[in-house]
Amino acid sequence: MKNKFDVVVIGGGIIGCSIAYYLAKEKLNVAVMESQQIGNKATGAAAGMLGAHSECNDLEIFYPFARDSQKTYIQVQEEIKELSGIDIEHRKGGLLKLAYTESEKRSLNEILALPTVKWYRAEDVKKEIPGISPDIIGAAYIEDDVTVLPTSVCHGFSRSAQLFGTSLFEFTTVISIQKNGSSYLINTTKGIFEANYVVVANGVWSSSFFKELGLEHQLTPVKGECLSVYSENISLKHTLFHDHSCIVPRNNGRLVIGATQIVNEWNEKPTLSGVESLIAKAKTMLPAVTDMKLESFWAGLRPQTVDQRPFIGPHPNDENILFATGHYRNGILLAPATAKMIRDFILKKEIRKDWVEAFKINRSCGTSTSVTTC
Ligand SMILES: Cc1cc2nc3c(=O)[nH]c(=O)nc-3n(C[C@H](O)[C@H](O)[C@H](O)COP(=O)(O)OP(=O)(O)OC[C@H]3O[C@@H](n4cnc5c(N)ncnc54)[C@H](O)[C@@H]3O)c2cc1C
C-alpha cells in the first residue's frame, strides 16, 4: 500500500472530495482519509441548494465568493459527467424566496437590487405554481439559485479525483498529525501515512485537530433534519424558500423538505418533533404537501463557526497545514470555490486578498457582545 503523498486530505465529505479533485487535476499526489464512507455525513444530509442569493447575508464577501462557486458548478457538472459518468443533477428552475408581509418584502430589497433577481407579484407566482399558499404577497425569483444532488457531487468529485490518481481510504480515521522534519506523519486506524501538506476538512469534527494543532477555535454542530415526499399529482419546478426552510424538487419527482436548525446538538438521529415542524413549515408554503407520500427522513450536522464564515487557509504558524471547514449552511454551494482556494494556497498562486482575510483561521470575529477569536 502506498503511504507517501504530496497532500493528505482529512475528511471525505464534499469539501474534502472537491479539494482532492482540484489538486489531483494539477497532478498532485493526493490521498483522502475518510472515517466512514464518502459523502455520508453533513454532505449526504443536505438539500442541495446553491443559494448564492437566497442565503446571502453579506454582499461584500459571501456573495462574490458564493457566486464564483455557483458559476463554477456549470463547468464541474460537465467535467464530472465526462470523467466519471456521474450526473450531479444540476437542476434548472431557480428559486422563489417567498414574502408573506411587507416587512419580509422589504428585507428582500438588497438582493432585489441585483440584476439576477426579479420581483414576482403573488398573481405571477400563482400562475407558475397553482398550489402555492394564498397568503404570499409575492416572491423574489432567482433563476441562478439552482440545485444539485449533494451525494452525486461528492461521489463525482471523489471518482474523478481517483481517475487522476487520488487514493481514497474509506473506514480510515485520522487520529493525529505529527510534524516530521519538513513533512507530516498522519497516524490513522489503518496505519501511518506521510505527506508534505495536510488539509483538515472533516466538517464539524475538525475541532479535535484545532486543539491538537495548538488552536483554540471550536466548531458548533447545528443539527438539520430533512424529509423527502412524493406524489404522482404534484410537481414543482422551482425551489420554494422562506425563513431558512425550503422545498426542493428533485429530478425523480420527489420533493425534499428542509431543514430544522438545532444549535449545539451532536445527535444525528431525526426526531418526531423535527419532522412535525418540517411538515408544518412546508404546509405554509405549499398546502398540498399534506397529501404527499412520505418517503424518508434524515439528519446531519452543519459545522458552524462563530461568525458563520468558513475557515479556508493555512495554519497561522505552519503554511503546510491547511483548513477547509466550518461551511455551516452552505458547504455544497461553496465547495468548488473552497477547493480552488486551497489549490491556490498549495500551488502558491494569487488569491483575492479580501477572501484570504475573510476566511483565515486567526481572524477576529465580532459577536453580539464582544470581539473574539473565531
Ligand atoms: C439538513 C441539512 C441541509 C443542508 N442543506 C444545504 C444546502 O441546501 N446547500 C448547501 O450548500 N449546504 C447545505 N447544508 C450544509 C452542508 O451540508 C455542509 O456545509 C457540508 O456538507 C459540509 O461538508 P464537509 O465536507 O465539511 O462535512 P461532512 O460532509 O460532514 O464531511 C466530513 C467528513 O469527515 C469525516 N471525518 C470526521 N472525522 C474524521 C477523522 N478523524 N478522520 C477521517 N475522516 C473523518 C466524516 O466521516 C465525514 O464524512 C445542509 C446541511 C444539513 C445538515
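How much area do domain 1 and domain 2 bury between them, and what percentage of it is on carbon and sulfur atoms? In this predicted model, the two domains bury about 2200 Å² between them, with 61% of that area on carbon and sulfur atoms.

## Domain layout

According to the domain assignment of the protein, domain 1 takes in residues 4-85, 150-217 and 307-373, while domain 2 takes in residues 95-144 and 220-304. The C-alpha centres of domain 1 and domain 2 are 28 Å apart.

## The interface between the domains

The size of an interface is often given as the accessible area lost when the parts come together. On the side of domain 1, the residues that lose the most area to domain 2 are His53, Val204 and Tyr328, which together account for 28% of what that side buries. Counted by contacts, 24 residues of domain 1 meet 30 residues of domain 2.

Between domain 1 and domain 2 there are eleven residue pairs in polar contact, with both residues at pLDDT 80 or more, and the count of salt bridges between the two domains is two. Helix H2 (42-45) and helix H3 each supply at least two residues of the side of domain 1 that touches domain 2. A salt bridge also joins the side chains of Asp144 and Arg67, with an N to O distance of 2.9 Å.

## Helix H3

Helix H3 covers residues 62-84, and because its 23 residues at 1.5 Å a residue should span 33 Å, the 30 Å between its end C-alpha atoms agrees with that expectation. Along its course, H3 bends by about 30 degrees at Ile74.

The residue that follows H3 is Gly85, whose phi is positive, near 80 degrees. Further along, in the loop between H3 and strand S3 (95-99), lies Glu89, a residue that has a positive phi of about 55 degrees although it is not a glycine.

## Backbone features in other loops

A positive phi is also found at His244, where the value is about 70 degrees although the residue is not a glycine; His244 is placed in the loop between strand S11 (239-242) and strand S12 (245-249).

The peptide bond that leads from Gly258 to Ala259 is cis, with an omega near -20 degrees. Ala259 itself belongs to the loop between strand S13 (255-258) and strand S14 (262-263).

How values were computed: Residues are numbered from 1 along each chain as its sequence is written. Side-chain values use heavy atoms; hydrogens and water are left out. Helices (H or I, at least four residues) and strands (E, at least two) are DSSP runs, numbered from the N terminus. The expected span of a helix is 1.5 Å times one less than its number of residues. The bend at a residue is the angle between axes fitted to the seven residues ending there and the seven starting there. Domain bounds come from an automatic or database domain assignment. Contact means heavy atoms within 4.5 Å. Buried area is the accessible area (1.4 Å probe) that two parts lose on being put together, summed over both. A salt bridge is a side-chain nitrogen of Lys or Arg within 4 Å of a carboxyl oxygen of Asp or Glu. A polar contact is a pair of N or O atoms within 3.5 Å; within protein, one must be able to donate a hydrogen and the other to accept it, and residues adjacent in sequence count only if both atoms are side-chain atoms.
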